[in-house]
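Dear colleague,

I am passing on a structure that you have not worked with before, and below it I have set down what was found in it. Please keep it open while you read.

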Amino acid sequence: MADHNDPNAVNSIFSDIDPSAADVYDMFGFPGPDDSEGDRVVVALTFASVPETGVFDTDMLYRLRMFAHPRAAVTRDEPHDLDTLRQYLDGVRGTYFGAESAMEIRVTVDERGQATVTFHDFPGGSFMATVPVGEVTTIKAPGGLAIDAFIGGRDDAFFNDLPGFFRSINYAPQFYHVPSTRPDLRELPIPKTLLELEGNDLFNYNPAVPDLGWGVKLDLPPGPYTWAGDSFKKDAAGNYRFVYDGRDARAGQNVNAIILEMPLQVITRRPEADRIVDIWGESWVRKASHKVPAIPDHPIWHEHPLAFLGPDYRDRQLDGYKLVDTVGQPFADAGLSERENNRQLGANNFWLAPHFIKRLAHLGWGFGPSVTALGLRCSFDTDNAPVSVHRVYHSTIEAFPRTRKVIFQRLAMPDNSWDVHNLGIPLRRPFEIFVPNVCALDMDTTGTWPFGRRLEDQVANRFLSLFLDMESAGADGSRYHVETLSDQALWDAAPIDPKTSPNPLKNDKEFLPHFPYLAEPW
Amino acid sequence: MVTRAAASDCADELRRLDLTLASLAGAGGADAATRRAYLQLRHARLSGVLADLRAADIAVGTALRCHPAWPDLSYLRASADLDMHRPGAALARLDAEPGLGQSPAGLELRGAALEQLGRYPQAQDCLTRVLDADPSWQAYASLAQVRTALGDREAADALYAQAEDELTAKQMSAFAWVRAARGDLAAASGDRETAWAHLGVASAAFAGYWLVESRVAGLLRREGRLDEAAAAYAAVRARTGRPDLAQALGEVHGQHGDVEQAARWQAIARAEYADSAARGEALYLHHHEAR
């Protein structure tokens with residue numbers, strides 16, 4: 001659920017809202033494996049397979065936006081000279097202002113299953129192609145550069161214990177029919193937690209209804225919807241019970257996807273300098289007023305295709321659609337923006353930063369004590385709270401001191417394999433990752449999160465690792481990293497049941513070693 | 001007697017609603033009861049069949065009696081009250097549930113209820129608050145109705161245009177509803193060309209919708225195309241069984257000089273108004289009392 005089921009307008013968790021093709025799921029971005037002819041960029045936008053896998057909703061327009069710029073960081077061996085400084089400043093400008101002049105790729109699909117793919121404002125110019133849905137094809141960019149394209153149905157590459165996550169935040173619509181007129185009854189005011197709370201009967205595992213939240217829903221019982229307990233739940237052996245069970249809620253399920261692999265040269269004229277490619281996706285749905293059958297049977301673009309590449313047409317085209325959903329970073333929307341429709345801002349999420357701080361503090365009071373109860377070092381200041389606390393912040397100033405380390409700590413990687421050219425690329429910090437809300441692919445890395453996003457990344461565990469203290473060392477000198485929570489040895493040694501990684505460590509189908517990388521659909 | 005609609009967008013949608021309703025047949029619980037009641041109400045609104053609306057009204061009441069604490073059913077109760085022209089009951093329901101009454105959805109209903117009661121300044125204030133909090137096509141359209149009642153047609157049309165802009169290709173019946181309202185507005189201003197344009201778009205957007213077809217019949221009548229108007233009214237009346245359409249049909253026959261048909265349809269309308277009043281409905285009370 002990197003971005004599944006949000007915003008609420010397309011949140012099919014609610015029984016009165018059907019699954020929607022506007023629900024974008026994930027934005028993947030990583031370097032292509034074959035760089036023999038220069039760097040290649042793989043981007044994959046996945047979304048709900050509605051009306052069905054491999055069949056696209058003809059009222060939708062999907063937008064992939066991207067911008068390449070230098071890294072806004074100085075690497076270990078770079079000289080401290082004017083060129084380095086200039087490149088750094090270029091990187092800062094690109095990071096925070098690149099969205100304003102981003103290139104874009106628009107995809108629409110017609111009733112015959114033909115996808116129109118238009119590339120706007122690329123360095124070589126704007127161009128377009130029509131490709132069949134469900135087939136790997138090649139699109140020629142200006143200059144003859146080849147872009148691999150696949151637009152069609154695939155297996156969902158996301159693997160996640162979705163009900164576990166919702167259990168951790170007491171998100172009632174996953175488990176109960178919640179009145180749609182009571183938005184206050186979605187995330188219930190019970191402490192967020194990774195460990196079951198004693199007496200949290202609404203959300204603790206119930207052996208009488210083992211599939212609750214896994215397709216089974218009950219009517220929301222009458223309140224109270226708060227928690228009055230004071231401890232984590234323990235079994236007879238003294239073990240805590242995990243809210244997760246590590247199952248893959250997306251197993252056996254498909255997505256529709258737009259997958260492209262293109263030379264970095266298509267995106268920038270300076271591939272040696274512009275090593276960061278910011279990528280994000282958007283879904284737009286046609287406005288009713290533009291669906292009325294006033295469109296000629298033979299669209300003008302058959303005769304005048306160039307008319308469809310100019311800025312005037314682009315704006316007119318977008319005037320006919322409404323923005324519904326955006327995706328850049330996993331969990332930026334579902335975890336931090338709480339799925340609100342009016343928080344679908346795409347890259348320009350700067351005004352959400354104060355909200356993120358308050359939200360992280362709220363999550364920290366929930367997850368932090370769970371982390372320390374397991375004997376792990378926590379990056380959130382819980383004042384040694386023995387159990388999760390439900391605390392809502394209205395002031396950023398009040399929330400910030402608690403979250404200082406969560407926000408500023410560098411997210412350590414398990415080893416250096418991600419830094420492919422051993423450049424000493426600085427580790428990323430959460431505030432850099434979530435603002436702006438883009439998948440910021442570093443072409444000198446493997447593209448593993450947070451340096452992009454590879455298909456095999458267990459991003460849910462990595463998101464949770466924000467709450468681990470990665471700055472201090474344990475008694476044995478060991479340090480935490482983004483993969484710590486995926487380490488089975490940790491769970492084997494922890495006083496917890498079940499002894500599992502919070503989320504599954506592998507997708508339900510093997511990814512392909514070649515384009516289009518995502519597995520065949522079920 | 002009510003006849004079935006020919007193949008159309010509306011007929012397709014009604015069939016989809018039937019199928020969904022059938023799929024919920026055995027489901028228990030407040031949520032399923034809400035879904036069923038909502039689908040019945042939506043079906044009645046789209047079909048225009050008066051008997052369906054009465055049945056939906058009863059279904060909402062029955063569901064609420066079974067699940068009195070379920071706020072979505074209270075919302076549906078107030079919404080159906082407005083369909084049945086019981087604005088006082090809708091307001092009482094919203095007052096009784098502050099959580100619902102103060103939500104954007106509840107405030108929207110409150111605004112519509114106040115509009116039905118002719119309390120236009122309060123309605124306007126209420127709907128403006130809704131739009132500040134959560135701009136929805138319904139709130140824009142409700143506010144447009146208030147502006148229409150206040151005689152500000154230009155502002156009303158602009159608000160309807162904003163309502164349209166909120167609607168997507170997945171909401172074509174709502175779009176047709178708004179366009180039909182704009183058609184009414186233009187016709188009332190004497191701008192028949194614009195009225196025809198709006199109704200043409202509404203028909204193309206969601207073919208077979210009784211509400212649009214009755215507006216088309218009205219515009220034909222305004223233009224003196226009485227044979228066509230009579231045929232159009234007769235067709236919609238046959239599908240919906242609405243007494244106001246029987247009355248309009250009688251009036252068209254009267255204008256045409258067909259005294260016998262005029263008297264026949266007027267008698268039918270009167271009887272049906274009386275029947276409605278005898279049922280305790282407020283729906284056609286103003287027609288009944290005016291006679």
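**The two domains of chain A**

Taken over C-alpha atoms, the centres of domain 1 of chain A and domain 2 of chain A are separated by 25 Å. Please bear in mind throughout that this is a predicted model. The division behind that distance assigns residues 8-158, 251-282 and 324-340 of chain A to domain 1, while domain 2 runs over residues 353-495. Where these domains touch, domain 1 of chain A contributes 29 residues to the contact and domain 2 of chain A contributes 24 residues. On the side that belongs to domain 1 of chain A, at least two residues each are supplied by β1 (24-31), β15 (276-286) and α5 (332-336) of chain A. That side of domain 1 of chain A, sorted by class, holds 18 nonpolar, 5 polar and 6 charged residues.

**Where chain A meets chain B**

The contact between the chains draws 19 residues from chain A and 25 residues from chain B. Of the residues on the side of chain A that touches chain B, 6 are nonpolar, 5 are polar and 8 are charged.

**Chain B as a whole**

In secondary structure, chain B comes to 17 helices and 0 strands. Its C-alpha atoms fill a box of roughly 55 × 40 × 40 Å, taken along the principal axes. A compact globule with 291 residues would have a radius of gyration near 19 Å, and the 19 Å of chain B agrees with this.

Two packed helices are described by the angle between their axes and the distance between the axes.

The crossing in which α4(B) passes α7(B) is left-handed. In this pair, Y75(B), A78(B), S79(B) and L82(B) of α4(B) meet A105(B), G106(B), L109(B), A112(B), A113(B) and Q116(B) of α7(B). The contact of α4(B) with α7(B) is made up of 7 nonpolar and 3 polar residues, with no charged residues.

From α7(B), the residues E108(B), G111(B), A112(B) and E115(B) meet Q138(B), A139(B), S142(B), Q145(B), V146(B) and A149(B) in α9(B). By class, 4 nonpolar, 4 polar and 2 charged residues make up the contact of α7(B) with α9(B).

For helix α11 (residues 172-188) of chain B and helix α13 (residues 210-222) of chain B, the axes come within 9 Å and cross at roughly 15 degrees. The helices α11(B) and α13(B) are therefore roughly parallel to each other, and α11(B) passes α13(B) in a left-handed crossing. Their contact is made by A176(B), W177(B), A180(B), G183(B), D184(B) and A187(B) of α11(B), together with L211(B), V212(B), R215(B), L219(B) and R222(B) of α13(B). The residues of this contact of α11(B) with α13(B) divide into 7 nonpolar, 1 polar and 3 charged.

**Backbone details in chain A**

Most residues other than glycine have a negative phi, and most peptide bonds are trans.

The peptide bond from W449(A) to P450(A) is cis, with omega near 10 degrees, and P450(A) lies in the loop between β17 (439-442) and α9 (459-464) of chain A. The peptide bond from D497(A) to P498(A) is also cis, with omega near -5 degrees, and P498(A) is found in the segment after β18 (496-497) of chain A. Finally, D121(A), a residue other than glycine, has a positive phi, near 65 degrees, and D121(A) is found in strand β7 (residues 114-122) of chain A.

How values were computed: Residues numbered from 1 in each chain as written. Chains lettered and ligands numbered in written order. Predicted model: local features only at pLDDT ≥ 70, side-chain atom pairs only at ≥ 80, totals over all residues. Domains from an automatic or database assignment. Contact = placed C-beta atoms within 7 Å. Helix = DSSP H or I, 4+ residues; strand = E, 2+ residues; numbered from the N terminus. Nonpolar A, V, L, I, M, F, W, Y, C, P; charged D, E, K, R; others polar. Axes fitted to C-alpha atoms, helices over the stretch in contact; angles between N-to-C directions. Parallel < 35°, antiparallel > 145°, perpendicular 65-115°, else oblique. Left-handed = near helix turned anticlockwise from the far one by under 90°. Rg over C-alpha atoms; globule rule 2.2 N^0.38 Å.
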